[in-house]
Amino acid sequence: MDKIFLSDIKYIPGIGEKRAAMIKRELEIFTYGDLLNFYPYRYIDRTRVYTVQEAMRDDSLSLIQLRVRIEKVGAVGEGAKRRFVAVARDATGYVDLVWFNALKWIIDKIEVGREYIAFGKSVIFNGVLSMVHPELDIPLAESSKRVSYMYGIYSSTEKLNRAGVTTRNMTKWMGALLGLVSDRIEETLPEYLIKRFDLLSRREALVNIHFPASTELLSRAQYRLKFEELLLLQLSILRQRNVRVTRGCGIVFTNVGEKFNRFYNECLEFDLTEAQKRVIREVRKDTRSGRQMNRLLQGDVGSGKTVVGFMCMLLAVDNGYQAAMMAPTEILATQHYESLRQQCETIGVKLALLTGSTKKRERKMIDEGLRSGEINILIGTHALIEDSVQFANLGFVIIDEQHRFGVIQRSRLWTKSSVEPHVLVMTATPIPRTLAMTIYGDLDVSVIDELPPGRKPVKTMHFFDSRRLQVFGFLRDQIERGRQVYVVYPLIKESENMDYKNVEDGYESIVRAFPPPRYVTVIVHGKMKPQDKDFGMNMFKNGHAHIMVATSVIEVGVNVPNASVMVIESAERFGLSQLHQLRGRVGRGAEQSYCILMTGDKLSADGRKRMEAMVRTTDGFELSELDLKLRGYGDLEGTQQSGNMLDLKIASIGKDNDLLQFVRGVAEAILEEDELLESEKNSLLLEAVKSSQSKDKTIDLSRIS
Ligand code: ADP
Ligand code: MG
């Protein structure tokens, strides 16, 4: 790359040291190259002229043009409030054009009785339309009408605006920058792609994204830049996979052995579903192939992923390797451990649990057991990826509910042994296809699309808070019938004390409505001492407690088949995927189960749509697609981290799905011919892919929770 693109933005005329520091801090734009890639987020069409009436009617229009004749001018107010007002009108009404400074210059310039094009931000003040500090132009003769004058708007903040980092200045700096570098913008896509897909050159695209010469060129510029962005992303993911596959140094599990068979014959209390068997066969095939497995296992909540994962780990153990399973929360890791302990004892497998609260002494024993190979299977939380955890021969890794772990964390597990272990990522969050393609694009996918037999679909209802008494009546009735109830409060950020207050207040009000000793209610949340938490969990698991009040941490994995009612408080604060996950906690037994969504009486249109969708369908994939539509990609539960890591500048997963799928096909075709992008004609692509990958490594690990 030309070195000029690495120059500090402070050298761009007009920016200077101070503003540069501000821009670096607020926008993370450091170099000429960064600035060039800071695109307007929307455009205003300066060929469109609004009428005063239109502007009065639609307050969402902010920057607009009016074509008005000046009727009267004059200064009003005193001192600091002194301003210059030009009263102007078109056929539909009046507008005040207002200036607070540079009065003299304006007075000299404006001619009463003349027609102007006023461009600026329109506001309605005391029922009068006004425009502060508009730009004034003399209208061009009709005959010389410009084809387009699209004007880019750059995103900014209050703080930046105050420091003079405004769209207007940004436009100036961008102009100056393009003056300096436009001749030196190099092509990043090979000629044959540009020809085949009739793309603008990179140079034309960048010039037009900032200063569109016409609407047509603007859309071609956007297309070219999105195409490039998505293509490089897909190439990078798919090439990585090819690298892995062609390297071919996967651990080989040759036999299905004693432990696996003993578990199957002696411990398994039910028949596996066809889908479960199929997944085990797929994993078998991968682990025999000599290639390292990287597989995503998608299966709705309750579809029985754990047992599949466990049997895969036994495959590893039977072949002389260790296995590890990483869960997102301590509760869940502990639950996996508890549920497997008995069975491991029966079949003679040594199991250990490692979490953040494992005591030092025990930790030492685990470390030794792992290093000597005495421990066969380790279950744990994040603690498992710490550098100090070393295995003798780790051969298989399971990541449960992976969406909570970043891609980077996944790769950290690979460094735990000299040969990369096989990796199985399990998730219950159905991910829209396009998103899976991007985030998990390097993984093969297995699906458990069948629930164990005898499950009844959960009935879902939505109630406003004002109907709470009625809901309590329903809960009493269910408890009379011997059922148990979850009441869940949102826990958006584990650090937010507010959320803990909600759950504690909630607990108190439940206890008032369901008084002991007749009813037993327990509370479980992340800020409690582990032993108190365990106590609560156990009371509920054993059936001694009727109601469990909890934060949304229970969303992942708690398994109490007799609990058949899930009440979700402030349901509007959850995304659809998360609501779906929570709902999956019930409906595990033979009884009819219920999910009750409680929301405030005032519900946004978006919130209403989410509640309606939950009531209408239990199809996780349908819900995830809808979630993507409603909330956009960035907000999708659990994908945020991965989303940020993708760092898309112009393309949007969700909005540009069609293009993404198209480009995926293009990427596949390129790699079909040239597996690792090593041919001469793809050298530009290889360079771009490599540089994007080296950038990934600099991501601050501490930012990933
Ligand atoms: P998830 O896929 O959500 O992790 P789990 O693995 O926790 O689901 O399984 C949910 C429940 O279903 C567990 O109690 C498990 O023992 C049970 N289960 C799993 N597979 C079957 C099956 N084939 N038949 C009956 N019950 C099963
Ligand atoms: Mg699970």
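Strands β4 and β6 (residues 128-132) run parallel and are joined by four bridges. Strands here are DSSP runs of E of at least two residues, numbered from the N terminus, and two strands pair if DSSP finds at least two bridges between them. The model is predicted: local features need pLDDT of at least 70, side-chain atom pairs count only at pLDDT 80 or more, and totals for chains, interfaces and linings use all residues. Residues are numbered from 1 along each chain as its sequence is written, chains are lettered from A and ligands numbered from 1 in the order in which they are written, and side-chain values use heavy atoms, with hydrogens and water left out.

**Strands β4, β5 and β6**

- Across the parallel pairing of β4 with β6, Val98 stands opposite Val132 in β6.
- β6 also pairs with strand β5 (residues 115-125), in the antiparallel sense and over four bridges.

- Seven bridges connect β3 with strand β4 (residues 93-99), and the two run antiparallel.
- Ala86 stands opposite Leu97 in β4.
- Two residues lie between β3 and β4 in the hairpin that they form.
- Strand β2 (residues 63-76) pairs with β3 in the antiparallel sense, over seven bridges.
- Lys72 has Val87 of β3 as its bridge partner.
- The hairpin of β2 and β3 has six residues between the strands, and Gly77 in the turn has a positive phi of about 75°.
- Six of the eight residues of β3 (residues 83-90) are buried, so the strand is mostly covered; buried means under 20% relative accessible area, exposed over 50% and partly exposed in between, with a 1.4 Å probe and protein chains only.

**Met150**

- Met150 belongs to strand β8 (residues 150-153).
- Its relative accessible area is 12%, so Met150 counts as buried.
- Met150 and Ala213 are 63 residues apart in sequence, while their C-alpha atoms are 7.4 Å apart in space.

**Ligand 1**

- The shell of ligand 1 holds 16 residues, and the closest are Asp271, Gly302, Lys305, Thr306 and Asn559; a residue is near a molecule if one of its heavy atoms lies within 4 Å of it.
- The shell divides into four nonpolar, seven polar and five charged residues. Ala, Val, Leu, Ile, Met, Phe, Trp, Tyr, Cys and Pro count as nonpolar, Asp, Glu, Lys and Arg as charged, and the others, Gly among them, as polar.
- A polar backbone atom of Asp271 is 2.9 Å from a nitrogen atom of ligand 1.
- Gln276 has a polar side-chain atom 2.9 Å from a nitrogen atom of the ligand.
- An N or O atom in the side chain of Thr306 lies 2.7 Å from an oxygen atom of ligand 1.
- On its own, ligand 1 has 560 Å² of accessible area, and the protein covers 81% of it; accessible areas come from the Shrake-Rupley method with a 1.4 Å probe.

**Cysteines**

- A disulfide is a covalent bond between the sulfur atoms of two cysteines.
- Zero disulfides are found in a search of the whole structure, a disulfide being a pair of cysteine sulfur atoms within 2.5 Å.
- The closest cysteine sulfur to that of Cys267 is in Cys344, and at 8.5 Å it is too far for a bond.
- Cys267 counts as buried because its relative accessibility is 9%.
- Cys312 is also buried, at 0% relative accessibility.

Terms used. A polar contact is a pair of N or O atoms within 3.5 Å; within protein, one must be able to donate a hydrogen and the other to accept it, and residues adjacent in sequence count only if both atoms are side-chain atoms.
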